[in-house]
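Please read the points below alongside the sequence and the coordinates.

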Amino acid sequence: MIAMNCKKIQEFIITDYIDGQMGDKQKGLIDQHLVHCHACQGYLSSVMKEAVNPFVNASTEVPDGILWGQIKQAIQEQQQQPLEKSLEPDVWERLRSLVHIPRPAFALATFVTMIFMVGLSGQLFFSAPVVKINGQDQVEYLSSLIEEPVDLADSNGNDPQTPIEKVFL
């Protein structure tokens, strides 16, 4: 928790605290933290030494109004172009706006499973042998089995049936 607070404090130090762009309440909280935290005190002193102090004695020259207006306009145009480009929807965003899928991973898994099942059932359907149903032929065959005992012995007299088969057949 302390490290997270220090991290936030250091972010504020490098941005708004150094620039003086912070409200009195936030500045007071940071000052209070700096009294107790030696790590953040060291961070503040290193930022002051490396980023602020070299520019303390630098002269400030303000360009004339026309030049400053052109500079300001160029900066605003540069900032506006990336903003406009980032607001334009790309191809993926356009496609995404046309088709709303709340859970795309689940939808993709369902689609792949359906394709697999259709492919599997199609393979079974088209590769299965065609069975012709001819009731009369089947009745004749079954009645021939019942009326005539089948001799399964081979020409040498060897009977391939087991004793259990002999009882039931």
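1. Overall make-up. The chain contains eight helices and zero strands, and its elements, read from the N terminus, run α-α-α-α-α-α-α-α. Helices (H or I, at least four residues) and strands (E, at least two) are DSSP runs, numbered from the N terminus.

2. Basis of the values. This is a predicted model, in which local features need pLDDT of at least 70, side-chain atom pairs count only at pLDDT 80 or more, and totals for chains, interfaces and linings use all residues. Residues are numbered from 1 along each chain as its sequence is written, and side-chain values use heavy atoms, with hydrogens and water left out.

3. Burial and surface. Of the 169 residues in the chain, 8% count as buried; buried means under 20% relative accessible area, exposed over 50%, and partly exposed in between (1.4 Å probe, protein chains only). The chain exposes about 15400 Å², and carbon and sulfur atoms supply 62% of that area. Accessible areas come from the Shrake-Rupley method with a 1.4 Å probe, and for residues only the protein chains shown count as cover.

4. Contacts along the sequence. Among contacts between residues at least 6 apart in sequence, 43% join residues at least 24 apart. A contact here means heavy atoms within 4.5 Å.

5. The nonpolar core. The largest nonpolar core has ten residues in all: Cys-6, Ile-9, Ile-13, Tyr-17, Met-22, Ile-30, Leu-34, Cys-37, Cys-40 and Leu-44. Helices α1 (2-19), α2 and α3 (38-52) each supply at least two residues of this core, and the largest share, four residues, comes from α1. Such a core is a set of buried Ala, Val, Leu, Ile, Met, Phe, Trp, Tyr and Cys residues joined through side-chain atoms within 4.5 Å.

6. Ile-9 and His-33. Leaving aside residues up to four places away in sequence, Ile-9 touches Ile-30, His-33 and Cys-40. His-33 lies in helix α2 (residues 24-36) and is buried, with a relative accessible area of 19%. With the same exclusion of residues up to four places away, His-33 touches Cys-6, Ile-9 and Cys-40.

7. The cysteines. How many disulfides does the structure hold? The count is zero, a disulfide being a pair of cysteine sulfur atoms within 2.5 Å. The closest cysteine sulfur to that of Cys-6 belongs to Cys-37, and at 3.5 Å it is too far for a bond. Cys-40 is likewise in no disulfide, the nearest cysteine sulfur, that of Cys-37, being 3.6 Å away. Both Cys-6, at 10% relative accessible area, and Cys-40, at 0%, are buried.

8. The salt bridge. Side chains of opposite charge can pair when their charged atoms come close. One salt bridge is counted, the criterion being a side-chain nitrogen of Lys or Arg within 4 Å of a carboxyl oxygen of Asp or Glu. Asp-31 forms a salt bridge with Lys-27, and the closest N and O atoms are 3.2 Å apart. Both residues lie in helix α2, four residues apart, which is about one turn of the helix. Asp-31 is partly exposed, with a relative accessible area of 28%, and Lys-27 is also partly exposed, at 36%.

9. A further position in helix α2. Gln-26 has its place in helix α2 and counts as partly exposed at 40% relative accessibility. Gln-26 and Asp-16 are ten residues apart in sequence and 9.9 Å apart in space, C-alpha to C-alpha.

10. The nonpolar surface patch. Which residues form a nonpolar patch on the surface? They are Leu-67, Trp-68, Ile-71 and Ile-75, with about 340 Å² of accessible area together. Patches are made of residues with over 30% relative accessible area and no salt bridge; like charges are joined within 9 Å, and nonpolar side chains (Val, Leu, Ile, Met, Phe, Trp, Tyr) within 5 Å. Ile-75 is found in helix α4 (residues 65-87) and is partly exposed, with 40% relative accessibility.
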